[in-house]
Amino acid sequence: MQTIMSKIDKIRLGVVGLGRGLSSVLDIIIDEDVELVAICDKNPEMVEKARVQLKKDFGIEGLLEYLDFDEFLTADTNTVVIATDAVMHVPFVTRAMEAGKNVISEIPAVNSLEEAKALKKAVASHPDLKYMCGENDCFLGYIEAWKAMYEAGKFGDIVYAEAEYLHTTDYREYKAENYNDGHWRTYNPAIKYCTHDLGPLLYVMNDRPVSVTCMVPDVHYNPYKKDSYVENAVMLVKTAKGAVIRIWICFGAYVGYTHNYAMYGTRGMIEVDKSAERTEAHCKARFSDMPGSIHGKKIDIPITVSSFQDGKGKSHLGIDRKMMRAFFESIKNDTKPPIDVDLGIRMALAGIYAHESYLQGGAALDIPDPEDFEL
Ligand SMILES: NC(=O)c1ccc[n+]([C@@H]2O[C@H](COP(=O)([O-])OP(=O)(O)OC[C@H]3O[C@@H](n4cnc5c(N)ncnc54)[C@H](O)[C@@H]3O)[C@@H](O)[C@H]2O)c1
């Protein structure tokens with residue numbers, strides 16, 4: 001049976017949430033098979049800013065503009081980007097799919113188990129539409145390479161993996177009025193923002209989390225935070241394949257900005273070189289099928305965050321363009337999006353249950369899996 005999807009040859013795009021939402025599409029609206037049709041933000045200043053930027057940098061004028069999301073859904077688009085506040089994506093995704101749109105949603109995909117079930121149901125109810133979780137770090141050059149190496153058996157079974165998101169955040173930029181308005185970055189617990197780190201590891205390992213425990217340091221860094229804001233956390237995740245993954249999300253220490261990843265398996269190991277700049281860091285590895293690599297210097301693998309691109313992407317070192325193109329190809333070819341609803345839910349639910357574990361004094365909690373949801 002031919003589906004509606006296989007007939008789409010032009011992505012008629014709408015974007016809601018014009019902060020990250022706009023930046024995530026700037027590298028793909030240059031493509032011939034993409035037409036930006038409509039933009040939406042409840043904040044008129046964001047719409048105005050987007051209009052000015054699109055005209056100045058791309059000569060784009062006359063877009064449909066909306067302050068109201070439901071009106072935005074009436075525009076003649078076939079695909080929408082949901083980039084509203086990190087704590088509210090699912091209500092927008094479900095309404096967009098009801099309106100017949102393919103959806104790429106920002107991270108985290110969900111913020112509760114109830115939302116996870118609602119998202120899974122919405123996607124299952126629309127088999128003719130595509131949903132992808134917009135976890136762009138799965139498109140880092142070295143993550144793509146690690147996935148290919150993992151699938152070729154270079155690491156054997158993964159015993160342990162780790163990743164960390166280090167991002168010194170100065171909360172003075174969130175002024176009192178923003179606190180009062182409740183900007184999500186001032187209250188959403190750090191560990192719920194774990195998808196950039198856990199997501200790529202689950203993607204590489206083709207694995208899923210089954211249980212989690214989490215601890216939070218008592219030392220605080222941000223004097224400007226709300227008292228209830230949990231700015232740092234470490235979680236340990238046990239996976240279905242039996243590996244342990246450690247994730248450290250740090251928005252409250254003097255650490256600069258980076259993401260680091262490492263994996264250790266029965267046949268090999270690989271790490272991003274932490275001593276190099278993020279943009280230039282290579283991977284360092286040992287492989288059991290390379291005699292001599294167990295001792296001494298690790299093998300230098302010159303793959304960086306920016307590897308494997310067509311050179312047309314700038315946002316987030318080009319990975320946003322790769323992510324968007326991957327989603328559009330899945331729409332045009334009627335194939336499974338690389339970061340599908342189950343993977344999107346898994347990488348978010350682990351953080352949700354980790355925060356709950358912290359609240360329960362570090363208790364180990366089982367994490368429900370979307371494949372087991374009764375819809
Ligand atoms: N993948 C990445 O690299 C990356 C980077 C930054 C942010 N993000 C994600 O992108 C999302 C947005 O982040 P941000 O930093 O732009 O946040 P933000 O809070 O600055 O922007 C959210 C925007 O959504 C708009 N909005 C909220 N409710 C709306 C509604 N009902 N109708 C229309 N517009 C509405 C707001 O006015 C605001 O402009 C978050 O989910 C965040 O996690 C991802």
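**View 1. Helix H6 lying across one set of strands in this predicted model.** Here's helix H6, residues 141-151, lying across strands E7 (158-167), E11 (257-265) and E12 (268-272), along with E13 and E14. Take E11 as your reference: H6 runs at about 10° to that strand.

**View 2. Helix H8 and the strands it lies across.** Now look at helix H8, made up of residues 195-205. H8 lies across E7, E8 (209-215), E9 (232-239), E10 (244-250) and E11. With E11 as the reference again, H8 runs at about 30° to it.

**View 3. The open sheet, strand by strand.** There are 9 strands here, and reading across the sheet gives E14-E13-E12-E11-E7-E10-E9-E8-E15, with mixed pairing. The edges belong to E14 (299-301) and E15 (365-366), each of which pairs on one side only.

**View 4. A close look at E13 beside E14.** E13 covers residues 283-287 and pairs with E14 over 3 bridges, in the antiparallel sense.

**View 5. Isoleucine 247 and its surroundings.** This residue sits in strand E10. Is isoleucine 247 buried or exposed? It counts as buried, because its relative accessibility is 0%, where the cut-off for buried is under 20%. Setting aside neighbours within four places in sequence, isoleucine 247 is in contact with Ala163, Ile191, Cys194, Asp197, Leu198, Leu201, Ala233, Val234 and Met235. For a sense of scale, pick out cysteine 214: 33 residues separate it from isoleucine 247 in sequence, while the C-alpha to C-alpha distance is 9.4 Å.

Key
Residues numbered from 1 in each chain as written. Predicted model: local features only at pLDDT ≥ 70, side-chain atom pairs only at ≥ 80, totals over all residues. Heavy atoms only, no water. Pairing = 2+ DSSP bridges. Helix = DSSP H or I, 4+ residues; strand = E, 2+ residues; numbered from the N terminus. Contact = heavy atoms within 4.5 Å. Axes fitted to C-alpha atoms, helices over the stretch in contact; angles between N-to-C directions. Buried < 20%, exposed > 50% of the residue type's maximum accessible area, 1.4 Å probe, protein only.
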